Amino acid sequence: PQISPCAAMGRRASSGSARPAPGRNAWLSLYRLWRSNSFHFQRFHLVMQRNFQRLGPIYRETIGTYNCVNVLLPRDAAQLFQSEGIFPRRMGIESWIAHRQLRNHKCGIFLLNGEEWRSDRLILNKEVISPAGTRKFLPFLNAVAQDFVTLMHRRISKNTRCSLTIDLYGDLFRFTLEASSYALYGERLGLLEESPNAESQRFISAVETMLRTTLPLLFIPPGLMRWVNTKLWRDHIEAWDTIFKHADKCIQNIYQEFCLGQPRKYSGIMAELLMQAELPLDSIKANITEFTAGGVDTTAMPLLFTLFELARNPSVQTAIRREIAEAESQGPRELSKVLNSMPLLKSALKETLRLYPVGITVQRYPTKDVVLQNYCVPAGTLCQVGLYAMGRSPEVFSNPERYDPLRWLSKEDNSFKALAFGFGARQCIGRRLAETEMMLFLMHVLRNFRIDTVSKADIKTVFGFILMPEKPPLLTFRPID
Ligand SMILES: C[C@@H](NS(C)(=O)=O)c1cncc(N2C(=O)c3ccc(Cl)cc3C2(C)C)c1
């Protein structure tokens, strides 16, 4: 689909959500998309990459009723973000909003826009993404990362051989849920013990079901969805109800404790928000539920990809292990200082998110006309930065297929190349939680185990609302005495 020269680019209605009435061919193209069934949806990132290779650094497409401009070069991303205004906006997820309305729940910041989004976001920033907030929940994440190592040692000691080859998928979900729940609620779920409790296991699979059913629903207007009332829609709603029930139980526990008496010491993000009482309880619940569900798969996947890449790039793994030992040898210090003294480990995470961006695009509706690749894109046009395509474009990264964390430490200008968490005031609010969680996990795991992988072949990825491996790799853990 070619972009039409500027003049012919139809001026869109001011707000991105007022879509032109879909012409016959829009529905036809949607039907064709649907007919190619989820396979096509699941390769969205590869379709975009191929489109850029064929059409160049900018192209326009009409997905169903969406008219969208796609770019992949850092300077175009910079241009786009410069015109995002003070209320940056992404495409909404109508099936999620439909569920909130159905159940009369408030929306969290992910689904809010305008003034409502901004007032919630500014209050939440203080506890969730600020350096001060991060320093408070950092020790909680550290405790869970250490428990993960203990769990692995316990398993290996049961083995006759002194190693363990395992599909880590389920364990990583349990780790990220345990860690984010501890930081959010100040409570341990016990997922890293021998028999993790069934209710939390049900929550994890509900998040997976919800994410999996979100994708095909992205392109069906909710009215049609409910009317058709397919199994897909019923599964989606049922998964949401399980997610909200779990979050509600956790919130009730901490709320009762809170009402009994102000907890003196820091006991997680939720307690701090209750204590500050700047957000009404139902807004706290809506956001904490988003963070609980949004903190599982998003952080587990990059950990799996990083372990795999370090297993098939042993020299990088050794260099990072040396950096960890070096950081430890400088004696006991505040954890945030230890993490700041491991630039190579932090770059390894950047390299993982370059090749495997959890969110494969960053979207904005520019609030004023913006020039991208010499085209005038009218305000209100949905624009996407193709992170997957950018991360693997030889125009942006030299030897893009090589896993080379050092590229982020060179003097090269990397501005607007590390966009995996988005950009600006609307960037991922879970960024510090995710980065800290992953750094601590890798620091403890790499200090205790050598990681190897059965097969060195590239992992095929599928897009199921988040970028995931088609088949999880088998990893071997060998204890380092
Ligand atoms: C994958 C990426 N998509 S994105 C935001 O770039 O388009 C992403 C990044 N950070 C967080 C998420 N979340 C989830 O996974 C999720 C689940 C359930 C709920 Cl109630 C809320 C969420 C959010 C949106 C927080 C998703």
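Which loop does Phe416 lie in? Phe416 sits in the loop between helix 18 (387-391) and helix 19 (431-448), where helices are DSSP runs of H or I with at least four residues, strands are E runs of at least two, and both are numbered from the N terminus.

A quick word on what you're looking at: this is a predicted model, with local features needing pLDDT of at least 70, side-chain atom pairs counting only at pLDDT 80 or more, and totals for chains, interfaces and linings using all residues. Residues are numbered from 1 along each chain as its sequence is written, and side-chain values use heavy atoms, leaving out hydrogens and water.

**Confidence**
- The chain's average pLDDT (the predictor's confidence in each residue, from 0 to 100) is 90, and 90% of the residues reach at least 70.
- Residues 1-20 fall below 50, yet beyond near neighbours in sequence this stretch has 44 contacts in the model (heavy atoms within 4.5 Å).
- As for the model scores, ipTM is 0.99 and pTM is 0.92.

**Positive phi angles**
- Most residues other than glycine have a negative phi.
- Phe416 isn't a glycine, but its phi is positive, at about 60 degrees.
- Phe416 is partly exposed, with a relative accessible area of 23% (buried is under 20%, exposed over 50%, partly exposed in between, with a 1.4 Å probe and protein chains only).
- Asn374, also not a glycine, has a positive phi of about 70 degrees.
- You'll find Asn374 in the loop between strand 5 (370-372) and strand 6 (375-377), and it is exposed at 75% relative accessible area.

**A buried asparagine**
- Asn142 belongs to helix 7 (residues 131-158) and is buried, at 11% relative accessibility.
- Leaving aside residues up to four places away in sequence, Asn142 touches Leu335, Leu440, Met443 and His444.
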